[in-house]
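This report goes through one protein structure together with its ligand. Look over the sequence and the model before reading on.

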Amino acid sequence: MSLMSSPSWQDGFKNMLELINSLPEQFEYTKASDIVWPHVKSQDIKHIIVCGMGGSAIGGDILRCCLMPLAPVPVLVNRGYELPSFAGKNTLVFAVSYSGNTEETLNSFEEALARGAQIVAVTSGGVLAKRAGEEGVPVIRVPGGLPPRASLGYLFAPLALAAEGLGVAPGMGAALQETIDVLKRMRDELAQPGSEASKLAARLKGKITVIWGSGPLVEAAAMRWKAQFNENAKSMAFYNCFPELNHNEFVGFEAPQDLMDRVAVLILQDHKEHGQNIKRTAITKELLHSRVPEFEVVNSRGDSIMARLLSLIYFGDYVSVYLAREYETDPMPVTLIEELKQRLKESGR
Ligand code: F6R
């Protein structure tokens, strides 16, 4: 029996919980790996593009958020078939696909090759590993056989360490070590029955969850919570961040109260958030009080932006698997995604 399909939802729950527990060790594995970085001069890199979809793209968003306050070059996550027009020989492209068979990523990889970009492939195998081998593109191989979303440590850590190795992301190794320490402490609490994460999951049962990041730097955490709620708990969730949501989304909370009664709002609060965003959060809560009496709040831990982001993400990963348990649904399979990919394949190109 493969890890992807479980004989019962209870087995699926145990398997996914085990995988979530393994996140700090996934980071340690990558730190200890003997990865050969490409021979690129940092002054030749003017932009970084991470190409990937779903569970393979989120590591790119974590990198983007981590590097926003640090890196001398912009980081963009490309979730689609085509590269932006500026991509060329001064672009460092990470082509990330856990399976190595995701068509959008494969297409972007071929475009990156054609444009002479500096490419690094991150994958467990598939067509991406094969094509990279044929073209002499460096491949960072990650252990196979897991759901991509449960391989976050394997998929994100190489990006951070490669970017540091290439001279465009200072301090990533040290931040990774801090992150490992923070996550291990969190695991001691959150993996326990009756943990705060499992209590929160019980309160979110039956709700559509709206996840709000306290600012743009924690956007990747809000994205990850949403995706984990969708894929693990098979539940509806949406995300946005302050201050943008104050310019549109929160007006939608004037919808009829019977709709609002089905919504739970969860705020991912970074303890180093910009002062104005902290004020915005407080005022927003006051303005919406009659419609949303209770906001759930999860606070970041750690010092570096990486640790703060990953601490929010880790809490959400646990909540998502506990929410799956509340719904008595198997968190492992993502049947709709598989079926869609299969039907696309059958339809040819
Ligand atoms: C996550 C998941 C999807 C995939 C996405 C891309 O567990 O199943 O979000 O990550 O469909 O596939 P890969 O990661 O193989 O490129």
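## The ligand and its surroundings

A residue counts as near a molecule if one of its heavy atoms lies within 4 Å of it. The ligand is surrounded by 14 residues, and the closest are S56, S97, S99, T102 and K341. The model is predicted, so local features need pLDDT of at least 70 and side-chain atom pairs pLDDT 80 or more, while totals for chains, interfaces and linings use all residues. Residues are numbered from 1 along each chain as its sequence is written, and side-chain values use heavy atoms, with hydrogens and water left out.

The shell around the ligand holds five nonpolar, six polar and three charged residues. Here Ala, Val, Leu, Ile, Met, Phe, Trp, Tyr, Cys and Pro count as nonpolar, Asp, Glu, Lys and Arg as charged, and the others, Gly among them, as polar.

## Polar contacts and burial

The side chain of T102 has a polar atom 2.5 Å from an oxygen atom of the ligand. For S99, the distance from a side-chain N or O atom to a ligand oxygen is 2.7 Å, and for a polar side-chain atom of R149 it is 2.8 Å. Taken alone, the ligand exposes 390 Å², and the protein buries 93% of that (areas by the Shrake-Rupley method with a 1.4 Å probe).

## The fold

The protein has 13 helices and nine strands (DSSP runs: H or I of at least four residues for helices, E of at least two for strands). Its C-alpha trace spans about 60 × 50 × 40 Å along the principal axes.

## Two backbone features

Most residues other than glycine have a negative phi, and most peptide bonds are trans. K234, which is not a glycine, has a positive phi of about 50°; K234 is in the loop between α9 (219–231) and β7. The peptide bond from F242 to P243 is cis, with omega near 0°, and P243 lies in the loop between β7 (237–241) and α10 (257–260).

Conventions. Polar contact = N/O pair within 3.5 Å; in protein donor to acceptor, adjacent residues only side chain to side chain.
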